[in-house]
Amino acid sequence: MTTPRSNPFRSPFGRSGLTRRQLLARAGALGAAGVSLPAILAACGSDSDSDSDSSSAGTTPATSGTTAGGGGGGGSLFFENWPAYIDPTEDGLTGTVDRFMEATGIDMRYTEAYNDNNEYFAKIQPLLGRGEPIDPDIIAPTSWLANRLITLGWLEKLPIDQVANAVNLRADLQNPAWDPTGEYSLPWQTGFAGIAYNSDVTGREITSVDDLFDPEFAGKVGALTEMRDTIGVIAMSLGIDISTLTSFEEAQPAFDKLQEAKDSGQIRRFHGNDYFDDLSNGNLAITIGWSGDVAAIARDNPAVKFVFPESGATSWADTMVIPKGSPNIDAAAQWMNFVYDPVQAAQITAWVGYVSPVAGVREEVEKLDADLANDPLVFPDEATLANTKGFAPLSEEVEAEYDAAFSAIIGA
């Protein structure tokens with residue numbers, strides 16, 4: 001994306017924007033995995049713990065290891081990720097970072113300073129644009145930004161021959177549009193945007209995007225400030241294949257429909273992750289929302305539901321990439337191999353509650369939490385996955401058109 005939004009893609013607690021109230025709701029689901037409520041609450045704080053340093057980083061050249069791209073420096077690793085996106089070491093359980101260090105002897109630094117794709121791109125652009133490395137050896141941009149970094153030539157190819165567990169990558173994520181050859185990225189977590197609604201307010205089940213525009217819900221409709229998800233969900237309902245878009249004109253009917261809804265007062269507000277309370281208390285009857293958010297809210301309020309629209313939902317992935325010039329490529333390969341082991345990936349899934357990119361995770365999660373293993377928002381079936389699409393990578397020029405049009409509608 002080339003135009004910054006007024007609302008960040010992430011809240012301070014990650015893509016799902018989990019507040020302490022949502023984490024309270026999640027506690028029951030995590031209890032079977034042995035995580036205590038105090039541990040969960042402590043994990044959502046801003047202070048660093050033993051395996052997570054949330055200090056800002058990623059804007060200075062790397063200073064350790066071998067020369068750029070050499071694949072040496074295997075004794076250390078730096079992963080900068082989104083907040084609240086990995087299981088911590090708490091209450092007798094060893095978090096993934098600490099398990100990795102114990103298993104490999106690699107000294108790993110893990111930070112949570114990745115709060116917004118555009119913001120982060122602005123931080124790394126000056127260095128990578130000059131051909132200089134940044135501090136992190138691994139970052140996890142959302143797929144569209146990963147594609148942009150690939151196009152700019154700012155990423156190393158993955159040493160995939162050293163990542164034996166890459167064979168566990170879900171079939172639907174292999175050779176994706178953002179990385180057609182599959183040489184530059186391995187997804188970290190994935191999820192969906194569809195329809196979230198409060199059945200106590202709607203008085204009926206919701207299955208169609210058309211319900212967003214039903215006059216019955218005028219003034220009680222929301223939509224995400226994430227362009228790809230709001231426009232994507234609407235465009236799919238209009239029969240537009242968002243995975244093949246190459247021009248603004250192809251998607252313009254979706255923009256027009258959204259503009260009409262805004263002008264008529266159908267839409268109450270556009271939101272980032274800050275829609276939990278409005279949806280739960282009924283200020284919003286229905287909105288375009290993220291699956292992981294609703295999975296968390298629903299544990300506290302069963303009236304709040306998420307549905308994959310009949311016309312399809314959008315899919316997204318935050319994906320691990322190695323910035324150009326990383327001196328610790330071998331260590332990065334060991335990390336990727338470690339987290340693509342279904343046993344290790346299950347520990348992450350049990351804590352973050354998103355859709356793992358690793359095949360075989362469900363069987364391992366079932367050993368930790370049978371309820372979570374049967375959650376269709378965490379483990380959607382093949383038919384559901386087949387009815388989701390990712391937004392097509394856009395050229396810089398077309399991207400600017402989309403962003404300008406969307407910003408004008410939402411008032412960003």
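Ala, Val, Leu, Ile, Met, Phe, Trp, Tyr, Cys and Pro count here as nonpolar, Asp, Glu, Lys and Arg as charged, and the others, Gly among them, as polar. This is a predicted model, in which local features need pLDDT of at least 70 and side-chain atom pairs count only at pLDDT 80 or more, while totals for chains, interfaces and linings use all residues. Residues are numbered from 1 along each chain as its sequence is written, and side-chain values use heavy atoms, with hydrogens and water left out.

## Pockets

A pocket is an open set of points on a 1 Å grid over the protein atoms alone, with protein on both sides within 12 Å along at least five of seven lines; lining residues have an atom within 4 Å of a point. Grid points are joined across faces, edges and corners, and a volume is the space filled by probe spheres set on the points.

The second largest pocket has nine nonpolar, two polar and six charged lining residues. Its volume is about 300 Å³. Among its 17 lining residues, Arg 170, Phe 379, Pro 380, Glu 382 and Leu 385 are closest to the centre. Helices H13 (361–368) and H15 (382–386) each supply at least two residues. H13 gives the most, with three. Helices (H or I, at least four residues) and strands (E, at least two) are DSSP runs, numbered from the N terminus.

The largest pocket has a volume of about 560 Å³. Its lining has 34 residues, and Trp 178, Ser 315, Lys 389, Gly 390 and Phe 391 lie nearest its centre. Strand S10 gives the most to this lining, with four residues. By class, the lining has 14 nonpolar, 13 polar and seven charged residues.

## Cavities and core

A cavity is a set of grid points where a 1.4 Å probe fits but cannot get out. The structure holds five cavities of 30 Å³ or more. Strand S5 (186–198) and helix H12 (342–352) each supply at least two residues of its lining. That lining divides into eight nonpolar, three polar and no charged residues. The second largest cavity holds about 50 Å³. Strand S6 gives the most to its lining, with three residues. Here the classes are nine nonpolar, two polar and no charged.

A nonpolar core is a set of buried Ala, Val, Leu, Ile, Met, Phe, Trp, Tyr and Cys residues joined through side-chain atoms within 4.5 Å. Buried means under 20% relative accessible area, exposed over 50%, partly exposed in between (1.4 Å probe, protein chains only). The largest core has 118 residues, and Met 320, Trp 335 and Tyr 402 have the most contacts inside it. Helix H11 (residues 329–339) gives the most to this core, with eight residues.

## Salt bridges

A salt bridge is a side-chain nitrogen of Lys or Arg within 4 Å of a carboxyl oxygen of Asp or Glu. The whole structure has 14.

| Pair | Closest N and O atoms |
|---|---|
| Arg 99 and Asp 87 | 3.1 Å |
| Glu 396 and Arg 148 | 2.9 Å |
| Arg 204 and Asp 214 | 3.1 Å |

Arg 99 is buried at 15% relative accessible area. Asp 87 is buried too, at 6%. Glu 396 lies in helix H16 (residues 396–410) and Arg 148 in helix H5, so this pair ties together parts 248 residues apart in sequence. Glu 396 is partly exposed at 41%, whereas Arg 148 is buried at 15%.

Arg 204 is partly exposed at 29%, and Asp 214 is partly exposed at 22%. Salt bridges that share partners join Arg 204, Asp 211, Asp 214 and Glu 216 into one network.
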